[in-house]
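Me: I am new to this structure and would like to learn how to read it. Could you take me through it step by step?

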Amino acid sequence: MNDNNQDPGPFPWEELLSSAGEAAARAYAPFSGFPVGAALLCAGGEVFAGCNVENSSYPLGICAERAALFSAVAAGKREFRALALKIPGRRISTPCGACRQVLSEFCKDLPILVEAGETGERRLFRLAALLPHPFTLEP
Ligand code: THU
């Protein structure tokens, strides 16, 4: 499960992956055929899920990660502990650059566990390793 032998940490990964899997089943991805589910664990233990929602006007679609984060922020949450992603296929992929930047606004070093739907292969990443120099307005 680990990337660079990282400790997966005391997070409810099975619950998060199950929630990500349910969200992936609700993804609207008729154009890419790549349904993604995300489950974001808040500091208080709540879990917010999101899926990608595509559009006939292609650039208007949104990724699962941002859908989950925006839903959590809209519910008043701003502190996050972990993110689980369920992706289709065999190959492990990582959040896109836009999602890395948006996630990093709220949590610089979020642990991110990705599970590939076809094989069940898992890999753990850290946001700070995926985006070491996020844009910030802080001095
Ligand atoms: N997508 C996500 O939702 N999350 C990712 O981590 C990578 C890409 C979506 C965007 C688009 O709807 C589809 O997957 C193919 O890029």
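**Reading the model**

Reply: Buried means under 20% relative accessible area, exposed over 50%, and partly exposed in between, with a 1.4 Å probe and protein chains only. This is a predicted model, where local features need pLDDT of at least 70, side-chain atom pairs count only at pLDDT 80 or more, and totals for chains, interfaces and linings use all residues. Residues are numbered from 1 along each chain as its sequence is written, and side-chain values use heavy atoms, with hydrogens and water left out.

Me: Where is Gly45 found?

Reply: Look in the loop between strand 1 and strand 2. Helices (H or I, at least four residues) and strands (E, at least two) are DSSP runs, numbered from the N terminus.

Me: Is Ala20 buried or exposed?

Reply: Ala20 counts as buried, at 0% relative accessibility. It is found in helix 1 (residues 13-25). Contact means heavy atoms within 4.5 Å. Leaving aside neighbours within four places in sequence, Ala20 is in contact with Gly37, Ala38, Ala39, Ala84, Leu85 and Lys86. The C-alpha atoms of Ala20 and Ala39 are separated by 4.9 Å, though these residues are 19 apart along the chain.

Me: How do the axes of helix 2 and helix 3 cross?

Reply: Axes are lines fitted to C-alpha atoms, for helices over the stretch in contact, and angles run from 0 to 180 degrees between N-to-C directions. Here the axes of helix 2 (residues 64-74) and helix 3 (residues 97-106) come within 9 Å and cross at roughly 25°. That makes the two helices roughly parallel; angles under 35 degrees count as roughly parallel, over 145 as roughly antiparallel, 65 to 115 as roughly perpendicular and the rest as oblique.

Me: Which residues make the contact?

Reply: Helix 2 brings Glu65, Arg66, Leu69, Phe70 and Val73, while helix 3 brings Ala98, Cys99, Val102, Leu103 and Phe106.

Me: How many residues has the largest nonpolar core?

Reply: A nonpolar core is a set of buried Ala, Val, Leu, Ile, Met, Phe, Trp, Tyr and Cys residues joined through side-chain atoms within 4.5 Å. The largest one has 23 residues, and those with the most contacts inside it are Leu40, Phe80, Leu83, Leu110, Ile112 and Val114. Strand 1 (37-42), helix 2, strand 3 (80-87), strand 4 (111-116) and helix 4 (127-130) each supply at least two residues of this core. A second, separate core of 10 residues includes Leu17, Leu41, Leu113 and Leu124.
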